[in-house]
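Please look over the sequence and the structure shown here before reading on. The briefing that follows begins with one residue and then widens to its surroundings.

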Amino acid sequence: MIKLIAGDFTLDAAKGDAPRRTISGTAVPYNVPARVSDGTEVIFKPGSLPVDGKAPRLFMFHDASMPVGIVTERVDTEQGMLFTAKVSASSQGQDAMIMLQETVIDQVSVGVNPTKFSYDEAGTMVIEAADWTELSLVPIGAFGDMANIASVAASIPHEPDEVVTVETEVQEQEQPMSEVTAPAVEATIPTAPIFAQAKREFVLPSAGEWMAAYHIGGDTFSNMNKAVAEYSASKRTALQAAAGDVLTTDTPGLLSTVVLGPLVQDLNFLRPVVEAVGARAYPDNGQQKTFIRPTITTHTSVAAQSPELSAVSATTMVIASNSVSKTTLAGQVTLSAQDVSFTSPEAMSLILNDLMGEYMIASDNLAADNLLTAATSSGVWDLTVADLLKSVYDSAVDISNGRNWTPTHMFVSPDVWGQLGQLADTTGRPVFPFIGAGLTGQNALGNANASSWNGNPLGLQLVVDSNFAAKTMIITRVGQGQGDAYEFYESIRGLQSLENPSVLGRTMSFHGFVSTFAAIPGMIRKITQA
């Protein structure tokens with residue numbers, strides 16, 4: 001599921017006996033790029049969100065266990081999707097209205113499952129249609145002022161003698177999101193004495209709050225770490241020291257020594273296979289351990305009728321219900337309270353970044369392994385130029401026969417990439433040189449570029465991934481939306497944090513669910529080596 005966080009609101013006082021517990025504003029602006037929690041850039045096209053069908057539920061923080069209302073009106077404009085939502089009179093709804101009034105929460109976030117989308121040249125997901133499942137109240141925005149809660153109406157009822165309103169009558173609007181609105185009725189609330197209260201005890205941030213602050217960075221993340229440090233200091237006298245999995249001695253240079261440069265990173269957290277294939281949202285909203293992916297095993301038929309009035313061709317379509325399982329990828333680290341308290345936020349950031357990076361590597365490794373497992377051999381390459389051309393085109397023919405789809409990608413391991421780059425004709429000219437400006441040439445002089453993966457043999461997009469076993473070469477069609485032979489599904493659940501007082505530590509874990517599916521196995525072809 002894609003969750004986009006959308007930004008200020010104004011408070012309108014209400015008249016009448018029955019309180020109006022409604023909020024309204026912009027859920028998503030159209031044609032505005034935004035980055036979701038997994039790093040993907042997305043753009044919603046006009047008309048991509050539905051205005052009918054099942055109404056999205058109103059949640060707190062995308063937590064389905066905290067429903068606080070329902071979206072009652074959806075208005076689609078050229079600029080974006082507008083909404084009105086009714087907040088429940090439950091205790092959770094009452095808490096939500098208080099936070100809205102006090103501007104603790106002033107933004108909304110949509111949760112959608114894309115059903116029709118593509119990727120532009122920059123790799124941005126362009127959503128043309130999606131199922132809108134929920135709308136959440138959140139404190140952090142990605143669209144800024146372009147997506148916001150425009151108004152909060154009659155959040156909490158008051159006794160009649162507590163509110164004095166002006167005499168002007170204001171007719172309540174039938175369309176709360178119309179550009180033409182009646183002037184708000186100003187309300188005067190008598191000032192009551194403010195009694196001293198004990199400072200509310202700080203509550204450690206949830207996984208979602210921590211991840212949101214981490215992605216925003218800057219003052220938001222710094223303030224959260226400061227609050228956590230103050231909380232740890234206040235509890236320090238009541239706890240006894242104990243060892244954790246990550247101790248202060250495990251992060252040298254981050255305690256008393258000033259860090260003069262960035263940490264040396266020996267891993268590049270890339271997902272070449274996943275990026276080429278494209279990560280899809282789970283069709284079941286991630287609610288089940290398995291989901292059904294239907295495929296056609298027998299098509300209908302059409303043939304010439306002969307003679308006239310004879311029975312025409314009739315074949316029953318057969319659809320297979322393929323059960324796809326979900327794999328949980330997870331990792332954890334336990335930090336000592338000393339490591340959390342005595343280091344700067346950078347120490348925590350380094351650990352969390354590495355944990356998330358390892359998830360990326362593990363998910364791409366699974367996608368690479370399963371792609372190779374699903375491949376069928378289309379030939380053996382004897383390492384000569386002529387035999388490579390024959391093997392590649394044999395694979396393309398195997399993919400196209402009976403389907404009319406053509407291959408788009410060549411997946412190789414780094415050693416095979418090196419072999420391709422060194423191929424030369426009888427006069428020593430490179431077979432696949434990089435010419436420049438996105439052009440490649442065959443059997444022509446050019447500037448070979450060994451520092452980047454440029455050069456795409458025979459027009460195929462070359463994808464090099466170190467997660468492949470040696471001597472891997474796969475030719476297939478992916479990332480096109482139609483005719484994709486291989487699919488990758490993913491639901492990143494994010495970070496979870498748990499205090500462990502018995503050892504004076506904090507355990508943090510990062511996990512997600514992934515699945516792969518060979519939709520058209522016959523279009524996944526591999527070329528082995530002699």
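Does Ala396 count as buried or exposed? Ala396 counts as buried, because its relative accessibility is 18%, and buried here means under 20% relative accessible area, while exposed means over 50% and partly exposed lies in between (1.4 Å probe, protein chains only). The model is a predicted one, in which local features need pLDDT of at least 70 and side-chain atom pairs count only at pLDDT 80 or more, whereas totals for chains, interfaces and linings use all residues. Residues are numbered from 1 along each chain as its sequence is written, and side-chain values use heavy atoms, with hydrogens and water left out.

**Helix α7 and its residues**

- Ala396 has its place in helix α7, which covers residues 385-400; helices (H or I, at least four residues) and strands (E, at least two) are DSSP runs, numbered from the N terminus.
- The C-alpha atoms of Ala396 and Thr476 are separated by 8.1 Å, although these residues are 80 residues apart along the chain.
- The 16 residues of α7 should span 22 Å at 1.5 Å a residue, and the end C-alpha atoms are 23 Å apart, which agrees; the expected span is 1.5 Å times one less than the number of residues in the helix.
- The buried residues of α7 are Asp387, Leu388, Ser391, Val392, Ser395, Ala396 and Ile399.
- Ser395, which also lies in helix α7, is buried with a relative accessible area of 0%.
- Leaving aside neighbours within four places in sequence, Ser395 is in contact with Ser378, Ile475, Arg525 and Ile527, where contact means heavy atoms within 4.5 Å.
- Thr384 caps the N-terminal end of α7, with a side-chain oxygen 3.2 Å from the backbone nitrogen of Asp387.
- Just after α7, Gly402 takes a positive phi of about 75°.

- An open sheet of five strands has the order β18-β26-β23-β19-β22, and its pairing is mixed; two strands pair if DSSP finds at least two bridges between them.
- β18 and β22 (461-464) stand at the edges of this sheet, each with a single partner strand, so one side of each is left without a neighbour in the sheet.
- Neighbouring strands of this sheet are turned by 25° against each other on average, direction ignored.
- β19 and β22 pair in the parallel sense over four bridges, and His409 stands opposite Gln461 in β22.
- α7 lies across β18, β19, β23 and β26, running at about 165° to β18; axes are lines fitted to C-alpha atoms, for helices over the stretch in contact, and angles run from 0 to 180 degrees between N-to-C directions.
- α8 packs on the sheet as well, touching β18, β19, β22, β23 and β26, and its direction makes about 115° with that of β19.
- What covers the buried residues of α7 includes β18 (376-381), β19 (409-412), α8 (414-422), β23 (473-476) and β26 (525-529).

**Nonpolar cores**

- The largest nonpolar core has 49 residues, and those with the most contacts inside it are Leu388, Met410, Phe411, Val412, Leu420 and Met473; such a core is a set of buried Ala, Val, Leu, Ile, Met, Phe, Trp, Tyr and Cys residues joined through side-chain atoms within 4.5 Å.
- Helix α6 (residues 345-374) gives the largest share of this core, nine residues.
- A second, separate core of 29 residues includes Val36, Phe44, Met97 and Leu100.

- β3 and strand β8 (residues 80-87) run antiparallel and are joined by seven bridges, and the bridge partner of Ile23 in β8 is Ala85.
- Seven bridges also join β7 to β8, which run antiparallel, with Val75 opposite Leu82 in β8, and the hairpin that β7 and β8 form has three residues between them.
- Strand β6 (residues 57-60) and strand β7 (residues 63-76) pair in the antiparallel sense over four bridges, and the bridge partner of Phe59 in β7 is Pro67.
- In the hairpin of β6 and β7, which has two residues between the strands, Phe61 takes a positive phi near 60°.

Conventions: Polar contact = N/O pair within 3.5 Å; in protein donor to acceptor, adjacent residues only side chain to side chain.
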